Amino acid sequence: MSEALLEVKNLTKYFETPAGTLHAVDGLTFRLERGKTLGVVGESGCGKSTTGRAILRLHEPTGGEVVFEGKDITKIPQKEMMKLRSEMQMIFQDPFASLNPRKTVSEIIAEPLRLHKVYKNKKDQDKRVLELMELVGLSERLVNTYPHELDGGRRQRIGIARALAMQPKFIVCDEPVSALDVSIQAQILNLLKKLQKEFGLTYMFITHDLSVVNYFSDEIVVMYLGKVVEHATSEDLFAHPTHPYTKALLSAIPIPSLGARKERILLKGEITSPINPKPGCRFAPRCEYAQPCCFEESPELKEQEPNHFVSCHFSNKF
């Protein structure tokens with residue numbers, strides 16, 4: 001087994017609301033090997049983005065451990081965490097909202113270099129900015145332009161260049177292509193693949209697009225209302241989905257062929273509230289296989305096949 005760059009152990013993130021405690025992330029556990037990509041999928045509101053932010057401590061975790069290169073970063077002081085952020089970065093979903101509209105392209109990319117005081121003079125800093133722009137496919141002529149003057153693809157390239165500025169080892173990609181046109185999506189995905197191969201980057205790739213995650217990820221975690229319901233290699237998950245929720249998600253993938261037909265699994269029933277959730281499987285109200293025990297006892301995430309984990313009381317029966 002390869003060396004793990006990141007190990008997440010029983011990670012939880014709760015938010016207090018007027019109605020009660022919202023369980024955004026509840027008991028998440030996985031390991032991510034150096035140079036690999038972990039895809040995190042699930043419908044909106046399942047806790048994907050909160051997971052990424054909790055790992056980077058943009059949201060302070062409620063409980064659990066985040067072990068980065070052998071050190072539990074949930075217990076280190078903010079001053080030390082500031083230094084560690086140079087090795088852990090994030091590419092945000094909305095390339096326009098994540099960029100400062102009052103700063104030029106060069107100023108945005110140079111910001112982490114300035115904050116961490118990497119260069120003593122502006123000449124060296126500007127040289128590094130131009131190197132980063134070339135690396136992500138941004139023309140030098142755009143150096144003094146503002147985000148509103150550019151299209152979505154170029155804005156996201158700025159975000160990628162900013163994330164790469166401090167030469168990180170781990171990057172959380174929070175739906176980096178969902179706000180882009182399909183043709184631009186392919187360009188950005190290929191760029192991220194190229195950068196991973198060139199610099200040995202480790203990615204956590206958050207998305208709701210299963211076609212994208214299959215192309216991009218080595219392993220996939222499927223989340224439902226803050227819980228992991230299935231975790232396997234990308235190849236195994238698509239070839240042998242086990243959890244009823246995973247099967248329903250995969251059945252929704254469009255087939256790029258005229259006249260092709262595919263059986264869809266339509267989920268019925270009410271979505272369980274993540275606020276003060278009751279014991280039991282959170283998917284049970286929508287599951288056609290649910291039994292009385294599913295509403296009373298929460299299933300554990302167990303290894304059903306080698307490196308294939310499923311959280312279901314009856315996963316070995318269908």
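**Basis.** I worked from a predicted model, in which local features need pLDDT of at least 70, side-chain atom pairs count only at pLDDT 80 or more, and totals for chains, interfaces and linings use all residues. Residues are numbered from 1 along each chain as its sequence is written, and side-chain values use heavy atoms, with hydrogens and water left out.

**Entry 1, Glu-69.** I located Glu-69 in the loop between β4 (63–68) and β5 (71–72); strands here are DSSP E runs of at least two residues and helices H or I runs of at least four, numbered from the N terminus. I noted a positive phi near 50 degrees for Glu-69, a residue other than glycine.

I found Glu-175 in the loop between β7 (170–174) and α6 (182–199). Its phi is also positive, near 45 degrees.

I then turned to β10 (residues 227–233), where 5 of the 7 residues are buried. Strand β9 (residues 219–224) pairs with β10 in the antiparallel sense over 6 bridges; pairing requires at least two DSSP bridges between the strands. I listed Ala-232 in β10 as the bridge partner of Ile-220. The hairpin of β9 and β10 has 2 residues between the strands, and Leu-225 takes a positive phi near 50 degrees there. I also recorded antiparallel pairing of β10 with β12 (residues 308–310) over 2 bridges, with Glu-230 opposite Val-310 in β12.

Terms used. Buried < 20%, exposed > 50% of the residue type's maximum accessible area, 1.4 Å probe, protein only.
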